[in-house]
Amino acid sequence: MKTPDTQRPRPGSHILRTALRRNVGAMVWGTLLMGLYQAGETAFPIALGLIVEHALRDRSVDALVLSIAALAVIITTVSLSWRFGMRVLQKANTTEAHRWRVRVAECGLQPVARDVDLKSGEVLTIATEDADQTADIIEVVPLLVSSLVAVLVAAVALGLADIRLGLLVIVGTVAILSILSVLSKRIGAGTQEQQARVARAGAKVADLIIGLRPLHGFGGNHAAFRSYRRVSTEAKQQAITVARVNGVYAGTALALNAVLAAAVTLTAGWLAFGGRITIGELVMAVGLAQFIMEPLKLFSEMPKYVMMARASAERMALVLTAPPVTTPGRQRPAPGGDLEVDCLRYGSLRKLRFRVAAGEFVAIAAYQPRTASDLASVLAVRVPPDAYEGVVRVSGQALADLSIEAVRGHLLVNPYDAEIFAGTLRTNIDPSGTSRMVPEAVEASMLTDVVALHREGLDYAVRDRGSNLSGGQRQRLSLARALAADADVLVLHDPTTAVDAVTEQLIARNVAKLRRGRTTLVITSSPALLDAADRVLVLDDGVITAEDTHRHLLAKDETYCSAVAR
């Protein structure tokens, strides 16, 4: 990823360090509790060996009762330390994953560098699966330390019985980790590639869903489906490859752990047979050889999870470290204010110049749809100021001097294809739950008949992308959301293209009435909205070619009449 020399990208390792630093307290408590659990697990066979040793030597009932009580304490400690240790770690894991999901979503909603070229489906995968796998590092480190504690306790206990048994555990553990570290690197690289291919498949299906209707229109749906099948098959093959490597890793780890346990057991038997260790020490060694397989298995799996967490963190870094397409300013526009476009040259726009005074309702009749889209993109700050010539001013201040938050709070551009989200009518109109204009916005957008159709009213459930609403209903819902925001400057792009003529007429009057005294710009070819505007600007071939009221333009401009009359 290319970045300016002044901005050094933070790699995935920085993300992992940040996650670890933010959860030091939870990890310390989790490590202590899980270490206590593993120590208790390992102490159990040690206690059994001591009980056998003393039972054979003393044959005392009191010693037997004391031994049973000691075992009960060990079992209770093991149970409680596991329960509370995992509760602490999983809470920290879930919280950290949520933090990264929010960060990725926040960055995904802002413009990122074009050379990253991540689509919405890819960002979604990063915000879900990669965020979860990155946060797993919170559990991995304490479990790794606690497993190491168990291995060391077992090695020390066996070493006290015979130094050869302790050395066998230590040398065997080092050998197992050395072998598995090679496989874990392959898993990390394979997982990163798998996540990338899954993300591309998600982006492809998202594009298909958005463009399904037009694809059906010109018969391109079969080619699109074949394209998705190819991308999906690549993701499946990579998933199979990663699963195969994971299987080899798990099988190798299990086999090596079993070999080490068998080696400890056989060595202990040989030493006991030669009289170099006692029967109690033999029982302890055999018990430890069995119990040690769990921490060894856990210990040997940790490098794999570390590599997976790092691979996911590297993918998150693609979003989190991507520079914005422009460096926004820090100023804020004055309340109210006007909207001015001065000598704008971008795409099909050629030195476009106009001004909407504060409190004015102006309509732009664009003869070419592309010019309307280019203008809406510039006003919505989807195009960085250094990508076009000229200046766009809000309340007298250039967009380049304003912060993105200030622009979003002052200037609202509602696109013709605004998204409808899964939820309710109310949450789509007022996502933040703070608007006081919901009833007025519903009435002005003529969404009242949609509300009246359902006994739940505004609490009627809306499916993803508004699939249970008609095109006109979705458009009116989007318009209601824009009106409910009550922005100082509102720009509407073709807000009534899917609405019948009668409803369109009512919407035009309602919008003009509701927005009276607020700066409003409507880019449209709707006669009703054009007639409701204070004045109409004709945008033809990238420049303003005429300016007057709708009715005057109809009377004197034949081109205008043929373009907007229905």
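Figure 1. Among contacts with a separation of 6 or more, 79% link residues 24 or more positions apart, a contact being heavy atoms within 4.5 Å. Residues are numbered from 1 along each chain as its sequence is written, and side-chain values use heavy atoms, with hydrogens and water left out. Because the model is predicted, local features need pLDDT of at least 70 and side-chain atom pairs count only at pLDDT 80 or more, while totals for chains, interfaces and linings use all residues.

**Figure 2. The open sheet of 6 strands.** The strands of this open sheet follow the order β6-β9-β10-β3-β11-β12, and their pairing is mixed; two strands pair if DSSP finds at least two bridges between them. At the edges stand β6 (411–414) and β12, each with a single partner strand, so one side of each is left without a neighbour in the sheet. From one strand to the next, the twist averages 20°, taken between axes that are lines fitted to C-alpha atoms, with angles that run from 0 to 180 degrees between N-to-C directions. Strands of a sheet pair through backbone hydrogen bonds, either parallel or antiparallel.

Figure 3. Strand β3 (residues 361–366) and strand β10 (residues 519–523) run parallel and are joined by 4 bridges, with I364 standing opposite I523 in β10. Strand β11 (residues 535–540) and strand β12 (residues 543–548), by contrast, run antiparallel and are joined by 5 bridges; here the bridge partner of L537 is E547 in β12. The hairpin of β11 and β12 has 2 residues between the strands, and D541 takes a positive phi near 55° in this hairpin.

**Figure 4. The aromatic pair of Y37 and W82.** A search of the whole structure finds 1 aromatic pair. Y37 and W82 form this pair, which is tilted, with 5.0 Å from centre to centre and 50° between the planes; rings of Phe, Tyr and Trp (its six-membered ring) pair if their centres lie within 6.5 Å, and planes under 30 degrees apart count as stacked, over 60 as edge-to-face and the rest as tilted. Y37 lies in helix α2 (residues 24–58) and W82 in helix α3 (residues 61–108), so the pair ties together parts that are 45 residues apart in sequence. Y37 is buried at a relative accessible area of 8%, whereas W82 is partly exposed at 39%.

**Figure 5. Charged ends over rings.** R22 lies over the face of W100, 4.9 Å from the ring centre, and the charged end of R276 sits over the ring of W270, 4.5 Å from its centre. A charge sits over a ring if NZ of Lys or CZ of Arg is within 6 Å of the ring centre and within 35 degrees of the ring normal.

Figure 6. A311 belongs to helix α10 (residues 293–320) and is buried, with a relative accessible area of 5%; A311 and D130 are 181 residues apart in sequence, yet 8.3 Å apart in space from C-alpha to C-alpha. S445 is found in the loop between α14 (438–444) and α15 (448–453), where S445 is buried at 0% relative accessibility. Leaving aside residues up to four places away in sequence, S445 touches R476, L479, A480, L483 and I507.

Conventions. Buried < 20%, exposed > 50% of the residue type's maximum accessible area, 1.4 Å probe, protein only.
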